[in-house]
Structures are given as structure tokens and as C-alpha cells.
Amino acid sequence: MTRDATEPAGRLIEVSGAVVRARCGVPVALAEVVWVGDERLIGEVIALDGDIATMQVYEETEGLCVGAPIAASGGPLSVTLGPGLLGSVFDGVQRPLDRLALSQGDFLGRGQHLEPLATDRLWEFRPTAAAGSTVVGGDALGTVSETPALEHHVLVPPMVGGTLVDVVPQGSYSASDVLGHVQAASGDRVDVRLVQRWRVRAPRPFRHHLPATTPLLTGQRVLDTFFPLACGSAAGMPGGFGTGKTVMQHQLCRWAQADVIVFVGCGERGNELTEMLWKLPDLVDPRSGRPLAERTILIANTSNMPVPAREASIYTGVTIAEYYRDMGYHVLLLADSTSRWAEALREISGRLGEIPAEEGYPSYLSSRLAAFYERAGRVVTLGGREGSVSIISAISPAGGDLTEPVTRHTQRFTGCFWTLDKKLAEARVFPAVSVEDSYSTVSIDLERWWHDEVSPEWAARRREALKLLEHAGQLRNTARLVGEETLPDRQRLVIRVAELFEEGFLRQSAYDVKDASCSPARQMRLLSLLLEFYHRGLDALDRGVPVRELFGLPIVAALARASSAFGDDQIAELDRLGTVLVEQCGAAARSEPDAA
Ligand SMILES: Nc1ncnc2c1ncn2[C@@H]1O[C@H](COP(=O)(O)OP(=O)(O)O)[C@@H](O)[C@H]1O
Ligand SMILES: [Mg+2]
């Protein structure tokens, strides 16, 4: 139902920042994409009242005047999906920033429209489906080697199904080429192209959900061991300014065990993102030794870019993520930050004159957040593959206030909560994840995986360590009142071992070559070593060794350094440390007079 795009659907009667109103001569639909003014700025209809349409415009509206024409596109805001997405940089409405910058220099002109995926690029397509076979949406027609890191499956679009009448032979094809035809039982014949379109605000369909039983390993000890994320689940990461949200997202981009990373830079400072854009092509993928860009997609809407495009950016990102999920990949969507996204929502709502709810946010903030996080999941795709979308979003609550609406609602819709603590960041303890204020509701579902793949003792050790850290927190509060020296030895041991945990386990520098990422096996080994020291320490206390003496043993300094001294391929060194630990603690106990 594409209308003639040149037919003016109406004329502007009001311009208020990014929100404009027009009186329309022909019917336009809610959520329909429109082109505004002579420059044909991209916009979307967000409210209708009789023949008055209210639109948000995704580009700067400066200079638009009343009376300017509006053209209707006939369809909702959609993204183009196909080979060439990987390694690209788009804005929130999928304008190809990298290619636009090449054609126009650094400052993007308005109304500049380039196809999201280059139409002149040829891709070598190998058919895998045979003519005459029955296909349903989600089945692969064939494959394209999109990058050396990823095989792109060209899928029959959702909602299409029937007999595959024909499919092109192996050869080079462009984005606009038709690769085959599907004849539905109804008689309709559908072209299947190398690329397809999908509306961003509707989730792409799948067969059914799978339980969250495998971890999405991040390589960050504090997360994987204590607050693990499951493949297909969502996590919120609130933290004040400078607590390490962006560095953490970059770490995850590099080390998380996902096939494809979609990074949505949403309303944060432009220079930070530009820095990332510069760095990305040089970043090496630890999985393959090849450029990381071969499996990442960047969506950039920085604070100096139009607000409505920021609102759209997370939907554009998650739709692209679902597309790769449908091919049977595990996709991680990183958003930095959803607070800036919510601010965009608030600003647009304000311009619409809607009645504000909590802290000026519209009353639908929570349902919008829910709809976004619900798009995370591990699923069986329409084509019968297993794929997943996991979401990790940074939240920047004003003044670090975790009771503000965006943080609170995110908490309701995500299973993991990683709170970054200002005090830890100020003390340069990174990652500054607060053990007291973080949690994961999926850790129980992941115990089986750790049991089978890493160690049967994972669950018990993890619990013991968490309990110890929690206990140490309470004891520290007491110690602040009465002085640490008045506490009994066993309690002082708990405090000191917790400190050792912070130093030797929780602390993990993003810039440490050996320790930037930590394998599950090494995490488990470090965890066991520290607990072993605690147990031996308790024994030694029973034999009369004072805490001070125990912490004077050389093994303590070695344990504090172990995580950065020995990398993933040096587990044997950690085992050796275990032997030394037993010897030193044993010797200390034997040398005490009452050890006999
Ligand atoms: N994991 C980390 N390892 C080492 N340093 C870190 C880490 N996380 C943060 N930092 C330090 O903290 C600074 C601020 O972090 P950043 O991610 O920009 O904060 P935010 O995005 O929360 O404002 C960084 O420039 C870096 O020096
Ligand atoms: Mg930041």
C-alpha cells in the first residue's frame, strides 16, 4: 500500500522543536513515516486528531515553516535487514552515518537519504534451499559470507510461506536483487530478496521461548560468578557519572560470549562515541584475532543529535538484534544509556502537552521499558534454530538516586541488576560493581551449566563467598562503631578475607592484558583459592595463630596478585599457589605453642 511519495499529504501548521503538526488532506496512519518540508526530513506520526497529525521529526527542524508540505510514505518506521549490517554505523533511524560522512564530510546535511545498506555492493550468494520445496518464514534460502566472522543466512521473511517456486543459482547479487519466489497456498506470489524490511516497533516473531539455562559469559568475574546473566535475559546497570558504565560496556563488547554485538550509543556525549568509532576498526576480536568490527553494529545517537532519533534508536537496535537471532546467532545488545532514551521520551511527551507522571516522565514510561526488555529472549526461531537476544543497558540516574523511575522500572523487567558504586569508583576499585546492591535472579538456573561445564562445586562456593562478603559488610559497620580491634579474631578474619576478595577477585582492570577477561575455569580456581585460604585461616586461628600473623604470610600478597599475575592459560600456576597456601598456613599453625 505504498502511496505516491511525491503527493503532499498535508501542510505544516505548527513547529515546536522536534514535534510538528500538520493539517492533512489525505488520511495518514498513526506510526506512519512522513517526509517533512521541502528538504524531506524524516518524521513519524505520533498522534492524530481529526485531520491534524502530530509528528516527531528525526532531523533538526530549524528553518521549517508553517505551510511547508508533508509527504506520507505509506508505511511505519522500518529497518532494512540484510548483509552489510555488520561493521556499519547507523543513526537511530538507520541512516548510514559512516557512508553519509564519506559522501558529505563530518557534518551531516539534513534530508540526506542514503539506503541503509549500499545497493551497489555485490554479495556472493550460495543457495541451500531447492526449488519445489515447501518453505516457511524463517527458513534459509541460502547463505552469504557477510564477514569472515559470520555466515549470513538469507531468510524467508516472517509471515511468508508456501512452495519455493525458484531460487537463483550461486552468484553475485546486490541488495535489491530478488533471489527467489514463494507461492503461497492463497495463490499470492512473494519475492524473496537479499534484504528485507521490518517495522522497528514490532518484535520479530519466533516459535517459542527456551528457558534461560546457559550463561552469557562476560569475562568479568564479579558478573559471571556472583551476578550472572543468562543467554537471552536482560540486565540493568545503574551508576552515577564516572562509575565505569561506558568502560564496562566496551569491555562487554569485546569479551562477552556473543556472536554479534549491537551497540546503541544513546544520548551520551558525542566525543565518547567518536572515540569508540575511531577505536573500533583497530580493536581485535579476541575470538578470532580479526577486527572486532566484523561482528559489531553501532547505532549512534549522541547528545548533540536530534532527540526523536534517540527515542527510535533502541528499537532499531533490537530489531537488528532479532534479525541475527533469527539466523541462529546469540546476539548481545548494549545500550548506553537508557536514561538518555527516557529523557528523549520525556521531552517529546512534554512537547505533546501530555500530562506528566513521575518526575515528568510520561505515564507510559514503564510499558515502553517493558516492551523493550521483553524483546530479549532465547528462542526457537521460525526456521527451527536456536538463537538469542540478550540486553544490557546502562542507566545513569541523576545524583545516583536508584529510586528514580527509569532505574526502578528497569529493575522490574530485568533479571540482573549490576549497581555501580560511586565510592568504589572513587577508590579506583574497578569494575565498581557493588556486591550489596547487585543481584541476579537467574543464578539458580545456571547452576547446572556451571556444574557440568566447570565444577560441581560452583554453586556452593559462590554462595559461601557471597555470604562471607555480606557478613564482612555487617561486621565493618560494627567495627566502625566499636573499633576493629575489639572484634573477636574470627570476625576480624572475615573482614580481612573479604578485603582479599576485593583485591584478588572483584577487582579486574579493563586495561590489564592478562586479566581484562577471565575464563570460567580461572574464575572458579581463584574463588576456590580464596575460600581455601579462609578455611585454612579458620583452622590456624583455632590453633592460636593471630590474624595479624596469618596476614603476614607471603601467600597473602600472592593471592592478592594472582588474578593479574596468571592468565587463563596459567591455571597450573594457580594450582601451585594452592599447594603453597596449604604449606604456609600449616607451618604457621604448627609453629604456634598451642598447636601441639
Ligand atoms: N573496568 C575498569 N577498569 C579500569 N578502569 C576503569 C574501569 N571502569 C572505569 N574505569 C575508569 O573510570 C573512568 C570513567 O569510566 P566511564 O566508563 O567513562 O564512566 P561512566 O560511563 O559511568 O560515566 C574511565 O575513564 C577509567 O579511567
Ligand atoms: Mg559513560
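Analyst: The features are treated one at a time below. This is a predicted model, in which local features need pLDDT of at least 70, side-chain atom pairs count only at pLDDT 80 or more, and totals for chains, interfaces and linings use all residues. Residues are numbered from 1 along each chain as its sequence is written, and chains are lettered from A and ligands numbered from 1 in the order written.

User: At what angle do helix α11 and helix α12 pack?

Analyst: Two packed helices are described by the angle between their axes and the distance between the axes. Here α11 (residues 458-482) and α12 (residues 489-506) pack at about 120°, with axes 8 Å apart. Axes are lines fitted to C-alpha atoms over the stretch in contact, and angles run from 0 to 180 degrees between N-to-C directions. Helices are DSSP runs (H or I, at least four residues), and strands are E runs of at least two, numbered from the N terminus.

User: Which residues of α11 meet α12?

Analyst: Contact requires C-beta atoms, placed from the backbone, within 7 Å. Among those in α11 are L468, L469 and L475, while V494, I495 and F501 are among their counterparts in α12.

User: In what order do the four strands of the open sheet lie?

Analyst: Strands pair if DSSP finds at least two bridges between them. The order is β12-β11-β9-β14, with antiparallel pairing. The edge strands are β12 (150-155) and β14 (171-173). Strand β9 (residues 123-127) joins β14 over three bridges, and F125 has G171 as its bridge partner in β14.

User: How many residues surround ligand 1?

Analyst: A residue is near a molecule if its C-beta atom, placed from the backbone, lies within 6 Å of it. Ligand 1 is surrounded by 13 residues, with G244, K245, T246, V247 and F430 the closest.

How values were computed
Contact = placed C-beta atoms within 7 Å.
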